[in-house]
Amino acid sequence: MKYILSLIFASFTFLSMAQNYDAAVMKGAKSYTLAIEKNQFEKAVEYVNPNIVSMAGGKESILSIMKDIKVTKKEQGYEVIQTTTKSVGDYYEAGEELHALVTQDQIVKIGEAKFKTKAYLLAVSSDQGTTWTYVDLEAYNQKSIKIFFPNFNDNLKIPGPSPAEMIEE
């Protein structure tokens, strides 16, 4: 009986911690994507996971990459005009880190047409949930993410691209 009560208590403790994580993860994800939308790349890069920053060649390099991606998309007639952070998935242990999938709805403008689509971020904490950093998963899949996170937990499934739904005005 003691074992069952201990197990139940541990489950409630983890659920309580996960709820505490949700607020911090959502707040950070919203701040990160809003900074990108407003071209505040110096602010946005503070939310980018250090593994990504390091492998990109450092802060100045990742800043340049972020700016270039935004400019290239805009030149191609593609612009994210609104991002709404919707939810945080389950939390997974990945070596010494915690990982979670953040789901977002995006409204994008391609030419004169507007579309609604899903976007995903990987939220990463290397300090037991105290602070969180993010990885935009647009360029990653289940295999390629392991270049940056060798201990990535395969139980966390990275969704593929979602179909875009045209918005009628």
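Trainee: Are Tyr21 and Tyr91 buried or exposed?

Mentor: Burial is read from relative accessible area: under 20% is buried, over 50% exposed, and in between partly exposed, with a 1.4 Å probe and protein chains only. Tyr21 and Tyr91 are both buried. This is a predicted model, in which local features need pLDDT of at least 70 and side-chain atom pairs count only at pLDDT 80 or more, while totals for chains, interfaces and linings use all residues. Residues are numbered from 1 along each chain as its sequence is written, and side-chain values use heavy atoms, leaving out hydrogens and water.

Trainee: How many aromatic pairs are there, and how is such a pair described?

Mentor: The distance of the ring centres and the angle of the planes describe a pair. Rings of Phe, Tyr and Trp (its six-membered ring) pair if their centres lie within 6.5 Å; planes under 30 degrees apart are stacked, over 60 edge-to-face, and the rest tilted. The count here is 5 aromatic pairs. One of them, Tyr21 with Tyr91, is edge-to-face, at 5.2 Å centre to centre and 65 degrees between the planes.

Trainee: Which parts does the pair of Tyr21 and Tyr91 tie together?

Mentor: Helices (H or I, at least four residues) and strands (E, at least two) are DSSP runs, numbered from the N terminus. Tyr21 lies in helix α1 (residues 2–37) and Tyr91 in strand β1 (residues 78–94), so the pair joins parts 70 residues apart in sequence. Ring pairs also link Tyr21, Tyr91 and Trp132 into a cluster.

Trainee: Where is confidence lowest in the chain?

Mentor: pLDDT is the predictor's confidence in each residue, from 0 to 100. Confidence is lowest in α1, at a mean of 70, and highest in strand β4 (residues 133–136), at 97.
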